[in-house]
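Hi,

Here is the structure I promised to pass on. Have a look at it first, and then read my notes below.

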Amino acid sequence: MEPILFTLFGAIAVGGALLVVTRKNPMSAALSLIMSLFAVAALFVLRQAHFLAAIQVIVYAGAVVVLFIFVIMLINVPENRLPIEKPTVYRLLGVVAAGLLMIEGGLASRNFSAPATAVGEVGSVEAVGHALFTDYLFAFEVTSVLLLAAVVGATVLAKKKI
Amino acid sequence: MEQLTALIIQKVPALAVAPWAVTLLLIGIVAFIILQFAMVFAGFGTYLERKIAADIQGRIGPNRVGPIGLLQFLADGIKLILKEDIIPTAADNHLFRMAPYLIFTGSFAAFVVVPFGFSLIAADLNIGIYYVMAVTSLVSIGVLLAGWASNNKWSMLGGMRAAAQIVSYEIPVGMALIPAVLIAGSLSTQDIIRSQGGLLGIFGWNLFHNPFSFFSFFLYMVAALAETNRTPFDIPEAESELVSGYNTEYSGIRFGFFFMAEYADVFVVSALATACFLGGWQIPFFNAASLPPVWANLLSLGVFMAKALALVCVIIWIRWTLPRLRVDQLMRMSWKYMVPLTFFNFLGVSLWVLVFKGKGIPQMIASIFG
Amino acid sequence: MMGPSAYLILSGILFAIGAIGVVARKNALIILMSVELMLNGVNVAFVAVGSYMGDPTGGIFAFMVMTVAAAEAAVGLSILIAIYRLKETIDITELSVLKW
């Protein structure tokens with residue numbers, strides 16, 4: 001069962017990602033991004049990481065993409081004022097480099113094998129919570145400072161007058 | 001689901017060749033039943049809403065189709081299906097068509113973890129409540145899209161308001177449900193309900209567990225009302241200023257989808273409140289596990305539906321009695337009052353569970369009297 | 001039973017597509033979305049390897065990455081709004097005041 005579902009959701013994720021980088025209209029790109037992110041959440045479920053899948057959906061669908069759509073609606077660039085994207089040599093080179101990166105990554109991870117330990121519910125609420133509040137407590141606390149800084153920064157940047 | 005598959009294969013050995021087909025079929029059947037329930041509930045909800053509204057306003061309400069107007073929703077549904085499905089020329093065609101489905105999917109997917117009865121639940125996920133929060137976030141995207149794709153100022157304003165409101169009130173909703181999670185020590189809806197059983201009857205409910213959880217129930221109901229865009233928080237659809245908000249341009253069955261999603265939302269909110277604070281399907285003074293399975297399921301389904309429908313009625317009463325808030329008041333209420341209050345509640349419940357080892361006030365009183 | 005390499009290759013593909021978006025597009029909004037895609041590709045690798053090795057650390061890393069992604073989107077988009085107010089464009093090639 002897993003290979004079929006993996007192929008299905010992997011294809012959706014890659015297809016959505018391709019649409020994101022090829023659409024001209026930012027709104028369609030944002031929707032393709034949601035599609036890709038949901039497929040990745042499904043892959044997390046496939047790897048028994050239910051909690052992370054839920055977080056993925058909440059953080060991305062509930063916050064990040066909503067934010068993107070909000071900004072698209074707010075600045076509402078008319079169709080004829082969107083950047084004109086012509087293929088130049090540098091950009092083609094960039095695409096080639098990224099393609100090479102992809103091939104290299106594939107070659108490097110082709111024969112990766114993990115030690116065959118018992119696979120428990122690694123991504124379940126209990127497992128993540130336990131690891132988060134014991135071994136990674138400091139990182140977790142620092143994250144809150146990061147988020148606070150992001151909130152303050154975003155407010156300061158986007159407000160006209162403070 | 002796996003147990004059910006195993007049971008069926010045990011009964012009919014011929015099916016053992018393709019166990020995944022049996023699972024798939026079962027999933028399809030369950031999804032179909034829940035979809036039917038959601039649709040019938042939307043119809044019943046509109047009837048109930050119109051009747052109650054009529055009562056409150058001293059009218060009679062629907063009374064022509066069927067006995068006391070009971071079949072009114074069928075007539076309404078047929079009308080919606082037969083109506084012309086208009087797509088404005090200025091609208092973004094694909095997005096316009098897609099938005100209602102996104103919204104409906106978001107509301108409908110939450111039914112997966114609604115615990116209808118002792119063992120009547122589509123999937124007892126171990127992230128239950130968190131799952132509901134996750135899938136309902138699809139609704140905000142759908143609403144934004146509907147507003148944007150209509151290419152209409154009212155729709156756009158309605159969509160923006162709705163999305164801002166849903167995103168802001170998601171925090172109090174989540175935080176207000178945490179007391180139940182902390183007391184049960186699990187996110188699964190079934191575990192939460194099981195933790196409210198015992199011989200204390202209604203005093204085993206989380207509502208009476210401690211002062212903070214009592215308060216939390218009301219915070220949840222207020223925040224959830226706002227999240228489902230119901231009056232007094234229906235600013236996105238405020239008909240006196242925005243015509244009808246994000247669904248202004250919709251007609252025919254697509255408009256029907258918005259309607260179904262709204263009633264599905266109302267039911268999910270009531271069901272979650274019932275499960276988390278009002279004891280869910282726990283039959284008072286009875287241990288459902290000791291009854292024969294069929295009776296346990298039927299009785300617990302009845303108890304659950306009675307509680308959930310009572311809450312639905314409360315939500316409808318609120319809609320027809322309270323005036324609408326203003327948009328800035330709504331945001332201020334979320335960020336300046338609801339969020340701090342729910343955080344305070346969260347701290348209070350955490351301390352309570354820590355200090356009293358998860359015991360509630362009724363349990364303590366009961367232990368004093370032996 | 002599948003090995004982890006399929007997930008790793010998928011994560012590499014997602015990362016590379018995101019990288020293509022970042023280097024090849026001019027629309028700042030789409031560049032930010034491509035960054036999200038790249039972070040997401042990394043998450044796939046973290047979660048897959050973590051679950052194959054039976055170690056929750058992978059999940060924690062994915063969790064942290066998501067937090068950073070959310071913060072990054074918030075700050076990045078507010079910078080974008082500030083730029084759009086100032087220059088009325090989201091074309092990154094036109095934002096070259098620092099280049100003399």
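What follows is a walk through the chains, their contacts and a couple of helices.

Before anything else, keep in mind that this is a predicted model.

**How the chains meet**

Which pair of chains has the most contacts? Of the two pairs that touch, it is chains A and C. On that interface, 74 residues of chain A are in contact with 64 residues of chain C. The chain A side draws two or more residues from each of H1 (2-22), H2 (26-46), H3 (50-75), H4 (89-108), H5 (125-133) and H6 (137-158). H3(A) gives the most to that side, with 12 residues. By residue type, the side of chain A that touches chain C splits into 53 nonpolar, 16 polar and five charged.

The contact between chains A and B involves 22 residues of chain B and 17 residues of chain A. On the chain B side, helix H5 (128-149) and helix H6 (153-184) each supply at least two residues. H5(B) gives the most here, with 11 residues. The makeup of this side of chain B is 18 nonpolar, three polar and one charged.

And chains B and C? They do not touch, and their nearest C-alpha atoms are 14 Å apart.

H5(B) has 22 residues and runs 33 Å from its first C-alpha to its last, close to the 32 Å expected at 1.5 Å a residue. Is H5(B) mostly covered or mostly uncovered? Mostly covered: 22 of its 22 residues are buried. Just after this helix, B:Asn151 takes a positive phi of about 60°.

Just after H6(B) comes B:Gly185, which takes a positive phi of about 70°.

**Chain B as a whole**

Chain B has 13 helices and zero strands. Along the principal axes, its C-alpha trace spans about 70 × 60 × 40 Å. How does its radius of gyration sit against that of a compact globule? A compact globule with 370 residues would have a radius near 21 Å, and chain B has 22 Å, which agrees. Buried residues account for 46% of the 370 residues in chain B. If you take contacts in chain B between residues at least 6 apart in sequence, 77% of them join residues at least 24 apart.

The domain assignment of chain B gives domain 1 (1-82) and domain 2 (85-368), with C-alpha centres 20 Å apart. Their contact takes 16 residues from domain 1 of chain B and 20 residues from domain 2 of chain B. On the domain 1 side, the elements giving two or more residues are helix H2 (19-56) and helix H3 (72-82) of chain B. H2(B) gives the most to that side, with 13 residues. The domain 1 side divides into 14 nonpolar, one polar and one charged.

**Chain C and the domains of chain A**

Chain C has three helices and zero strands. The radius of gyration of chain C is 17 Å, well over the 13 Å that the globule rule gives for 100 residues, so chain C is more spread out than a compact globule. Its C-alpha trace spans about 55 × 25 × 20 Å along the principal axes. In chain C, buried residues make up 58% of the 100 residues. Of the contacts in chain C between residues at least 6 apart in sequence, 48% join residues at least 24 apart.

For chain A, the domain assignment gives domain 1 (1-110) and domain 2 (124-162). The C-alpha centres of these two domains of chain A lie 24 Å apart.

Cheers

Definitions and conventions: Residues numbered from 1 in each chain as written. Chains lettered and ligands numbered in written order. Predicted model: local features only at pLDDT ≥ 70, side-chain atom pairs only at ≥ 80, totals over all residues. Contact = placed C-beta atoms within 7 Å. Helix = DSSP H or I, 4+ residues; strand = E, 2+ residues; numbered from the N terminus. Nonpolar A, V, L, I, M, F, W, Y, C, P; charged D, E, K, R; others polar. Domains from an automatic or database assignment. Rg over C-alpha atoms; globule rule 2.2 N^0.38 Å. Buried ≥ 20, exposed ≤ 12 C-beta atoms within 10 Å, placed from the backbone. Expected span 1.5 Å × (residues − 1).
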